[in-house]
Amino acid sequence: MLDIQLLRTQPEDVARRLATRGDEIDFTPFNALEAERKSLQQRTQDLQAQRNSLSKQIGVLKGKGEDASAVMAEVGQLGDELKASEARLAVLLEEITAFTSALPNLPGDDVPVGADENDNVEIKRWGEVPVFDFDIKDHVDIGAGLNGMDFETATKLTGSRFVVLQGPVARLHRALAQFMLDTHTAEHGYTELYAPYLVNSASLYGTGQLPKFAEDLFQVPRGEAEPYYLIPTAEVPVTNIVRDTITPAEQLPLKWACHTPCFRSEAGSGGRDVRGLIRQHQFEKVELVQITAPEQSAQAHEDLTRHAETILEKLGLPYRRIVLCTGDMGFSSQKTYDLEVWLPAQNTYREISSCSNFGSFQARRMQARFRNAQGKPELAHTLNGSGLAVGRTLVAILENYQQADGSVRVPDVLQPYMGGIKVLSAQA
RNA sequence: GGAGAGGUGGCAGAGUGGUCGAAUGUACCUGACUCGAAAUCAGGCGUACUGCAAGGUACCGUGGGUUCGAAUCCCACCCUCUCCGCCA
């Protein structure tokens with residue numbers, strides 16, 4: 001959510017900056033709502049003040065045992081207008097909130113302006129793209145050859161976009177998550193977290209998935225009660241830890257690492273990435289979350305992105321970092337780096353991590369604050385990034401480390417997690 | 001799932017229709033005393049909106065209702081605790 005003061009005082013500027021995201025916002029209805037709100041709120045509060053003062057008089061008179069009927073008649077005349085004013089004001093405030101909570105975040109000043117993913121800017125590349133002297137396979141064929149990856153059975157169990165992993169491939173998948181968590185906690189200063197996989201709508205509103213993106217979520221009905229939702233990312237439960245709290249400044253930054261499954265309905269992703277592990281309804285991710293003071297967040301964003309890159313480097317996977325342009329950023333983000341890993345079978349880089357600084361956008365929705373040097377509560381900044389998406393990392397390893405006989409080398413850093421296994425082969 | 005109790009300021013805890021945004025204790029901040037500290041004493045100490053200011057308004061789990069007036073009464077929901085049952 002954007003600062004409503006900003007919307008009131010410089011709507012043209014806000015509209016201009018949102019336009020760079022491709023969102024053409026007409027502030028005319030907002031300005032009209034605000035104008036009515038302002039006068040009506042003053043009038044309502046004035047009436048409330050009169051009522052309060054007269055009611056107090058009634059109390060005093062009755063306390064003395066005197067007759068209060070004259071004053072009661074007077075205050076009774078306020079009643080109808082007051083009720084109408086309060087009701088209308090509630091409607092106005094609801095409409096204003098509906099408008100503001102649907103506005104995306106403002107792009108940072110240093111974010112390149114662009115229309116879509118073609119305007120993203122590559123920042124760096126790391127690693128040597130492997131050269132193969134044999135006909136390479138994609139991860140689906142490699143996985144099948146290892147007898148470790150079965151999409152047909154998963155389709156029987158559930159439906160499309162699910163998978164069953166088996167044997168050493170399943171173990172490698174687990175090893176990756178363990179390795180990522182261990183690295184972030186031991187070397188990057190994050191505290192490990194275990195968090196709920198089902199959340200309520202307030203949490204999803206806090207991080208910005210609701211109200212606009214309900215169709216991307218799996219909902220769990222609970223009869224009469226409010227539904228729960230399967231988390232689309234650990235960002236939701238972890239960031240919402242600080243919802244409605246005031247954190248002492250000396251505890252910042254909060255740094256959390258959390259490994260969870262993620263569930264996405266992938267509505268509207270139609271025929272994209274139907275083959276393989278790239279786009280599933282359920283996948284594992286190790287998420288990094290930081291809660292910082294405003295002046296710390298830009299540096300924290302750089303640090304957090306480096307933490308994710310470190311995983312790729314330790315695994316020896318070639319990648320590049322791009323900065324998303326204004327038109328390609330997520331709803332809540334102020335600035336986003338994507339890390340893209342090299343996938344030989346696709347002959348291209350594919351997203352494996354997305355690291356964002358949300359500024360105060362989520363914090364304002366969540367009322368996540370800290371006590372600043374003046375002792376006053378102030379909105380914190382929130383950040384998160386994948387460190388990394390486990391399923392896609394598995395894909396990258398299978399494809400980049402494949403050998404002519406269909407076996408796959410295990411990266412050195414993972415071997416301790418694999419009981420010393422150095423190569424995955426069909427016999428293993 | 002059944003029965004009961006309860007949700008008030010950082011924490012503890014009073015308040016069952018009127019001058020209550022809310023006693024008291026504690027924690028915290030400032031000052032006095034002290035070489036310094038402890039103890040003691042005095043003062044301060046929620047959030048948000050609005051106003052140049054004085055001030056005004058809202059908030060006692062959430063949402064409705066009754067009333068001139070609600071922390072207090074009524075209804076629904078959420079959550080917590082205790083006991084019983086069930087259970088990874």
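## The hairpin of β6 and β7

In this predicted model, two residues lie between the strands of the β6 and β7 hairpin, where Gly223 takes a positive phi near 65°. Helices (H or I, at least four residues) and strands (E, at least two) are DSSP runs, numbered from the N terminus. Strand β6 (residues 219–222) and strand β7 (residues 225–230) run antiparallel and are joined by three bridges; two strands pair if DSSP finds at least two bridges between them. Val220 has Tyr228 in β7 as its bridge partner.

Residues are numbered from 1 along each chain as its sequence is written, while chains are lettered from A and ligands numbered from 1 in the order in which they are written. Because the model is predicted, local features need pLDDT of at least 70 and side-chain atom pairs count only at pLDDT 80 or more, whereas totals for chains, interfaces and linings use all residues; side-chain values use heavy atoms, with hydrogens and water left out.

## The eight-stranded sheet

An open sheet of eight strands has the order β1-β11-β12-β13-β16-β10-β9-β4, with mixed pairing. At its edges stand β1 (121–126) and β4 (191–193), each with a single partner strand, so one side of each is left without a neighbour in the sheet. Direction ignored, neighbouring strands of this sheet are turned by 25° against each other on average. Axes are lines fitted to C-alpha atoms, for helices over the stretch in contact, and angles run from 0 to 180 degrees between N-to-C directions.

Within this sheet, strand β10 (residues 282–292) runs antiparallel to strand β16 (residues 381–389), and seven bridges join them. Asn384 in β16 is the bridge partner of Val289. Helix α7 (residues 167–187) packs on the sheet and touches β4, β9 (254–263), β10 and β16, its direction making about 10° with that of β10; contact means heavy atoms within 4.5 Å. Helix α10 (residues 297–314) also packs on the sheet, and its direction makes about 5° with that of β16. The strands that α10 touches include β1, β11 (319–323), β12 (335–343) and β13 (348–357).

## The three-stranded sheet

Three strands form an open sheet in the order β8-β14-β15, again with mixed pairing. Here β8 (245–248) and β15 (377–379) are at the edges with a single partner strand each, so one side of each is left without a neighbour in the sheet. From one strand to the next, the twist averages 40°. Four bridges join β8 to strand β14 (residues 368–371), and the two run parallel. Arg369 in β14 stands opposite Ile246.

The axes of helix α3 (residues 28–64) and helix α4 (residues 69–101) come within 8 Å and cross at roughly 150°.

The axes of α7 and helix α12 (residues 390–400) come within 10 Å, crossing at roughly 120°. Among the residues that meet there are Val169, Leu172 and His173 in α7, and Val390, Gly391 and Thr393 in α12. The contact of α7 with α12 divides into nine nonpolar, three polar and no charged residues. Ala, Val, Leu, Ile, Met, Phe, Trp, Tyr, Cys and Pro count as nonpolar, Asp, Glu, Lys and Arg as charged, and the others, Gly among them, as polar.
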